[in-house]
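Hi everyone, thanks for coming. Let's have a look at the structure together, and I'll talk you through a few parts of it.

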Amino acid sequence: MNIQQEFLTPNQYTRPQIRLRHVKAIATHYAGDPGATAQNIHDYFNGTCVRQKRYASCHYSVGLQGEIIQLIPESEWSYCTNQANGYTISIETCHPDATGKFTQASEKSLIELEASLCKKYGLNPLNGGVIRHYDVTRKCCPKYYVDHPDVWNKFKQAVADCMAGRPYILPSYGTGVSSMAAAVNPYYCDTSSLTLCPGLTYQFKTGAPITCASDSFKQARQTKNGGYYLTKFSAEKITAGVGFYINGKRVCIGVVKQPYCDTEKVQKALGQTYQFKTDFPIMSANSAIWQQEGTAKRDDKFYYTKFKAVGKGTAGFYCGSTRVSIGTVI
Ligand SMILES: [Zn+2]
């Protein structure tokens, strides 16, 4: 989905710059002008409409080839959906003829655009998040979805499917579209802060490739899954804080610190156990000497990990790549 921003010049008729405080629904419209393009719609609201002193506009126009133009920022009103202007983002969609049926390209872009907006504003397309102009005023708009209520119901389902990253059906055509990446927010990042010790790795799930601003974290691997990027980093060098970025926007801060361990040296006889308190997972370098008992308990800050002395000898304990303790079994 490609959106071109061509904001209308602020003016009282088509871009009054009234603050849109709370988006409660996405309002779907048809242009009502067969053959008009997304650019025609933009130019009309930016020119003729202002000269004729008509109060009308929309946030987005979707064209016959599926092109999308944004005319008004989402933080401002458009004059498109009458009494719903104060809480809706409006979309005008082009159509080739008087039936008002959208082209496949238009319908696909419309679904992807509404899915991404629903995601952004936490709206449920199946429960009022996606509406027709008709639902507000009984105006026959968008004509094809008013004439065919079953197609409108399928449209809402398609938006919901697209939102969830599932393949969806173009409602006016019955053809399937594999959506996948369509509704993924590129700036999505599952982690906003991260603290590791050297030698530990962490995998991010993001909407677009993520990079670290320094070599404190080294990228180890990147794969794609269902439109998301899975990127593994390993902590390499101590840092008090470094940014992770997606397309130049900082989405996470990472810290690499020395691990803490409450015990430098331990000595036990065969069969005895010892519990470490650490701030990262601790591992025995030789499980034939020290064998971990069960899984570590943890609270907000620390791990509590028990090891049993199972063989005579000496072995190190590690947090990541740092040896934090040494243990002898006698
Ligand atoms: Zn309308």
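**The core and what surrounds it**

Okay, let's start inside: the largest nonpolar core has 45 residues, and those that touch the most other members are I26, Y60, V62, I91, C118 and V159. Helix 7 gives the largest share of this core, 7 residues. By a nonpolar core I mean a set of buried Ala, Val, Leu, Ile, Met, Phe, Trp, Tyr and Cys residues joined through C-beta atoms within 7 Å. And a residue is buried if 20 or more other C-beta atoms lie within 10 Å of its own, exposed if 12 or fewer, and partly exposed in between, with C-beta atoms placed from the backbone. Another core, of 23 residues, lies apart from this one, and C189, C212, F233 and C252 are among its members.

Before I go on, a quick word on what we're looking at. This is a predicted model, where local features need pLDDT of at least 70, side-chain atom pairs count only at pLDDT 80 or more, and totals for chains, interfaces and linings use all residues. Residues are numbered from 1 along each chain as its sequence is written.

Now, which residues does I26 touch? Leaving out residues up to four places away in sequence, they are T88, I89, I91, E114, L117, C118, L123, G129 and V130. Touching, or contact, means that the C-beta atoms of two residues, placed from the backbone, lie within 7 Å.

Some of those names belong to strand 5, residues 88-93, where 6 of 6 residues are buried. Strands (E, at least two residues) and helices (H or I, at least four) are DSSP runs, numbered from the N terminus. Two strands pair if DSSP finds at least two bridges between them. Strand 2 (residues 25-30) runs parallel to strand 5, with 6 bridges, and Y30 has T93 as its bridge partner.

How far apart are the end C-alpha atoms of helix 7? They are 21 Å apart, which agrees with the 21 Å that its 15 residues (149-163) should span at 1.5 Å a residue. The expected span is 1.5 Å times one less than the number of residues. Its buried residues include W152, F155 and V159, and among the elements covering them are helix 3 (104-121) and strand 7 (168-170). Just after helix 7, G165 has a positive phi of about 80 degrees.

Most residues other than glycine have a negative phi, and most peptide bonds are trans. Q17 isn't a glycine, but its phi is positive, about 60 degrees. You'll find Q17 in the loop between strand 1 (3-5) and strand 2. Is Q17 buried or exposed? Q17 is exposed, with 12 other C-beta atoms within 10 Å. N247 also has a positive phi, near 45 degrees, and sits in the loop between strand 14 (239-246) and strand 15 (249-256). Finally, a cis peptide bond joins C141 and P142, with omega about -10 degrees.
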